[in-house]
Amino acid sequence: MKNVIISWSSGKDSTLTFERLMESSDYNVVGLYTTHVKGEVPFQVTPLDVVKCKLID
């Protein structure tokens with residue numbers, strides 16, 4: 001199993017990538033990274049608290 005860290009924008013593409021990697025027996029998601037400006041993920045304008053909730057659920 002290969003450990004991976006993926007880029008997280010909170011959009012549909014990063015969500016789909018995360019789900020597929022989590023379902024795969026070939027990969028172990030050990031972390032996510034994102035950029036933020038003033039507490040929001042750029043482009044999606046998602047507050048960091050919402051991103052944290054999405055990942056925990």
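Predicted model: local features only at pLDDT ≥ 70, side-chain atom pairs only at ≥ 80, totals over all residues.
Q: Why is Ser14 called buried?
A: Its relative accessible area is 7%. Buried means under 20%. Ser14 is under that cut-off, so the word applies.

Q: What is Ser14 in contact with, leaving aside its neighbours within four places in sequence?
A: Ser14 touches Ser7, Trp8 and Ser9. Contact means heavy atoms within 4.5 Å.

Q: Which residues of H1 are buried?
A: They are Ser14, Phe18 and Leu21.

Q: What do the buried residues of H1 pack against?
A: They pack against two strands: S1, residues 2–7, and S2, residues 27–33.

Q: What makes the span of H1 close to the expected one?
A: H1 runs over residues 12–23, which is 12 residues. From first C-alpha to last, H1 reaches 16 Å. At 1.5 Å a residue, 16 Å is expected.

Q: Why does Val30 count as exposed?
A: The relative accessibility of Val30 is 51%. Exposed means over 50%. Val30 is over that cut-off, so Val30 counts as exposed. Its place is in strand S2.

Q: Which residues make the nonpolar surface patch with Val30?
A: Ile5 and Tyr33 make the patch together with Val30. The patch has an area of about 330 Å².

Definitions and conventions. Residues numbered from 1 in each chain as written. Heavy atoms only, no water. Helix = DSSP H or I, 4+ residues; strand = E, 2+ residues; numbered from the N terminus. Expected span 1.5 Å × (residues − 1). Buried < 20%, exposed > 50% of the residue type's maximum accessible area, 1.4 Å probe, protein only. Patch = residues over 30% accessible without salt bridge, like charges linked within 9 Å, V, L, I, M, F, W, Y side chains within 5 Å. Areas by Shrake-Rupley, 256 points an atom, 1.4 Å probe, with all protein chains shown as cover. Salt bridge = Lys/Arg side-chain N within 4 Å of Asp/Glu carboxyl O.
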